[in-house]
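Visitor: Please show me the chain, and then let us go through its elements by question and answer.

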Amino acid sequence: MNINESPDPRSSLWAFMAYLLRFHRMERGMSGAALADLLNCARSSISRLENADAKLTEAQAAQVDDEWRTGGLFGVLLFFARLGHDPNWFKSFTDAELRALVMKIYSGQLIPALFQTPEYARAVLTAGRWPDVEGAVEARMARQRLLTKKDPPEVWLLLAETALLVHVGGKKGMRAQLAHLLELSELPNVTLRVVPNSAGANFGLDGPFKIVTLRKSVLAYVEALNGGRLVPEEAEVGELETRFDRIGAVAEPVDSSRRLIRELMETYT
């Protein structure tokens with residue numbers, strides 16, 4: 001695709017918004033720099049918005065709707081785009097993952113992909129009827145290199161005890177998986193804490209999510225069945241950061257978490 005062209009507007013609502021943004025700008029003879037001034041952002045941000053590499057905020061949607069008298073078109077599209085599944089969410093997430101300075105991850109049912117052994121990943125992907133299991137396992141293992149690369153991100157993992165109790169890959173496989181967790185927890189850039197079942201009802205029961213701090217922004221990703229969605233809005237990201245802190249308030253300290261994992265390992269003999 002030409003860098004000056006918007007993506008296929010039929011591929012997703014986000015792509016349709018990117019297409020319309022460029023269409024309306026050009027229809028009015030407005031330059032990218034002029035639109036950047038209107039939205040109070042860098043000229044490069046306009047290119048990213050029109051290529052669907054970035055997403056309009058509520059304030060930006062309101063600004064173009066008001067300036068171009070669209071009848072609230074962009075605000076309505078933004079509302080529905082956020083409700084739906086973004087088919088490109090995973091690529092957006094892995095791209096951000098590579099540039100992350102800090103990652104905060106909460107998982108309540110499964111060991112997160114960055115912490116999985118090949119056997120665990122293979123069992124999960126097979127159960128999910130992934131079309132190319134071995135290819136997906138290989139890709140997942142490649143992603144894990146970011147934990148040990150030069151200048152790795154700071155990773156904070158909150159993991160529900162429930163995820164440690166499911167026999168994914170059988171007892172032998174789970175014992176190896178727990179041993180792998182212990183090994184990764186010793187990395188200087190990894191902080192792993194377990195939310196014990198004894199914590200009872202807590203904010204983690206609403207589902208898994210990730211928060212990624214980049215050099216100039218903070219993004220969040222909320223996972224759901226068959227997909228997930230990017231959360232670029234500062235207010236919603238802030239709510240998820242508060243949720244992460246509240247889950248952390250009922251999690252075991254690092255040393256106690258390691259001790260719990262070791263105790264569970266003994267049950268997988």
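Visitor: How many residues lie between S4 and S5 in their hairpin?

Guide: This is a predicted model, in which local features need pLDDT of at least 70 and side-chain atom pairs count only at pLDDT 80 or more, while totals for chains, interfaces and linings use all residues. Residues are numbered from 1 along each chain as its sequence is written, and side-chain values use heavy atoms, with hydrogens and water left out. Strands are DSSP runs of E with at least two residues, and helices are runs of H or I with at least four, numbered from the N terminus. S4 (residues 209-213) and S5 (residues 218-224) run antiparallel, and the number of residues between them in the hairpin is four.

Visitor: Is H10 roughly parallel or roughly antiparallel to H12?

Guide: Helix H10 (residues 170-185) and helix H12 (residues 254-265) pack with their axes 9 Å apart, at an angle of about 160°; axes are lines fitted to C-alpha atoms over the stretch in contact, and angles run from 0 to 180 degrees between N-to-C directions. Angles under 35 degrees count as roughly parallel, over 145 as roughly antiparallel, 65 to 115 as roughly perpendicular and the rest as oblique. The angle therefore makes H10, relative to H12, roughly antiparallel.

Visitor: What percentage of the residues in the protein chain is buried?

Guide: Buried means under 20% relative accessible area, exposed over 50%, and partly exposed in between, with a 1.4 Å probe and protein chains only. Of the 269 residues in the protein chain, the buried share is 44%.

Definitions and conventions
Pairing = 2+ DSSP bridges.
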